[in-house]
Amino acid sequence: MSDEEHHFESKADAGASKTYPQQAGAIRKNGYIVIKARPCKVVEVSTSKTGKHGHAKCHFVGIDIFNGKKLEDIVPSSHNCDVPHVTRTDYQLIDISEDGFMLKRFSHPFCITFPVIWSEVEVSLLTDSGGTKDDLRLPTDDNLLTQIKDGFAEGKDLVVTVMTAMGEEQICALKDIGPKN
């Protein structure tokens with residue numbers, strides 16, 4: 001035997017799986033499914049009858065839970081599909097930080113200013129253990145974004161719901177728990 005030490009590099013995640021298998025025929029409307037490597041909420045399921053080649057097929061229509069895009073997939077009903085582990089967690093909103101930048105472009109003989117604003121808007125959330133979670137951005141949904149900014153500006157106590165699936169997180173809901181004391 002060799003006295004050499006062997007070192008193995010792994011690029012895979014050693015943590016828990018981000019999905020679990022479920023038979024396609026058991027997935028129902030309002031459930032979750034992975035379509036084209038994206039976590040989706042199932043909005044429509046139709047099942048065809050067993051055909052000439054022996055498998056009934058399930059046609060899934062899903063909406064990506066993070067970007068709202070519509071995705072479709074057709075899978076034999078006896079085959080397994082990946083289903084994402086989706087969790088929702090409530091956090092109290094502590095702060096909204098906003099950094100804007102202005103770019104100036106100079107050209108000779110004129111000076112032209114282009115108002116280009118990059119917004120890295122992040123929120124600070126209070127966890128159950130009393131710590132803070134500072135790695136989330138405000139949602140892209142205009143209605144929810146307006147509700148959060150307006151409620152925070154008015155000094156209300158706000159609780160946001162963060163949805164997590166397949167390594168992604170996003171604020172998906174808001175609750176007003178009253179004015180700040």
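**Entry 1: a salt bridge**

Which side chain meets that of Asp 135 in a salt bridge? I looked it up: Lys 133 does, at 3.2 Å, N to O. A salt bridge here is a side-chain nitrogen of Lys or Arg within 4 Å of a carboxyl oxygen of Asp or Glu. Asp 135 is exposed, with a relative accessible area of 52%. Lys 133 is buried, at 12%. Buried means under 20% relative accessible area, exposed over 50%, partly exposed in between (1.4 Å probe, protein chains only).

**Entry 2: what I am reading**

This is a predicted model, where local features need pLDDT of at least 70, side-chain atom pairs count only at pLDDT 80 or more, and totals for chains, interfaces and linings use all residues. Residues are numbered from 1 along each chain as its sequence is written, and side-chain values use heavy atoms, leaving out hydrogens and water.

I checked confidence next. The mean pLDDT of the chain (the predictor's confidence in each residue, from 0 to 100) is 80. Over residues 99-119, pLDDT stays under 50.

**Entry 3: other salt bridges**

I searched the whole structure and found 7 salt bridges. One of them joins Glu 168 to Arg 38, with the closest N and O atoms 2.5 Å apart. The two residues are 130 residues apart in the chain. Glu 168 is partly exposed, at 27%. Arg 38 is partly exposed too, at 23%. Asp 64 is linked with Arg 38 and Glu 168 in a network of salt bridges.

**Entry 4: Pro 139**

Is Pro 139 buried or exposed? Pro 139 is buried, at 5% relative accessibility. I noted its contacts (heavy atoms within 4.5 Å): among them are Leu 144 and Ile 171.

How values were computed:
Helices (H or I, at least four residues) and strands (E, at least two) are DSSP runs, numbered from the N terminus. Lists of a residue's contacts leave out its neighbours within four places in sequence.
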